[in-house]
Amino acid sequence: MPPIKKIDREYIITAALDILNNEGIEFINARKLASKLNCSVQPIFYNFKSMVDLKSEVLARIYEIYKKYMNAGKSHKKPYKGMGLAYIKFARDYPNYFKCIFMGETNLSPISFITNDDAGNDVIKSGMEATGLSYEDQKEFHLAVWIFTHGLASLVATKTVILNDEDIDFLLESTVKKMIIGKKVLDNEKCN
């Protein structure tokens, strides 16, 4: 009798990530996974208590990939811009991963959504260096920047528009510069 192929956690997670990347999280189910793994559903439920547990692990893996992109963005000569570009690149390279973690329903306020993780706080800190604003002022300013950046990333992830790297770089840098100028004008008006 040939040896039985062992289906371990990592193999199942990899298969689930592949399904998510190609089709979306809503397509991850035990039957589809078993078919992809060429096994019964038994190994899936031997390794995971439920599909919810499996999907939770898959989301954690997606977030690890996202953090690698954001960490790479921090090494850009302009880290604030680099992390914005990394966010959009993640959306382009992994549109279904992006949709899964950034385009789903939450009960968070916009500021809470932005500062919900270390990556968001890193972006705000790098923004402080770029703009010279205090943490609280940068958080407020970054909300507008994030809405713009998220809009670009969403357009790229959904393939609503096709933008090359140069287009994205130009749009992000020129728009943020205009936003900084606008903030300074508004701040001056408040003082007068």
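Visitor: Which residues lie nearest the centre of the largest pocket?
Guide: This is a predicted model, where local features need pLDDT of at least 70 and side-chain atom pairs 80 or more, while totals for chains, interfaces and linings use all residues. Residues are numbered from 1 along each chain, and side-chain values use heavy atoms, leaving out hydrogens and water. A pocket here is an open set of points on a 1 Å grid over the protein atoms alone, where a 1.4 Å probe fits, with protein on both sides within 12 Å along at least five of seven lines; lining residues have an atom within 4 Å of a point. The lining counts 32 residues, and nearest the centre are Met70, Gly84, Val123, His142 and Trp146.

Visitor: Which helix gives the most to that lining?
Guide: Helices are DSSP runs (H or I, at least four residues), numbered from the N terminus. Among the elements giving two or more residues are helix H4 (51-74) and helix H10 (165-191). The top giver, with 6 residues, is H5.

Visitor: Is isoleucine 147 buried or exposed?
Guide: Isoleucine 147 sits in helix H9 (residues 135-157). Buried means under 20% relative accessible area, exposed over 50%, and partly exposed in between, with a 1.4 Å probe and protein chains only. Isoleucine 147 has 51%, so it counts as exposed.

Visitor: How far apart in space are isoleucine 147 and proline 110?
Guide: In sequence, isoleucine 147 and proline 110 are 37 residues apart. In space, C-alpha to C-alpha, the distance between them is 9.0 Å.
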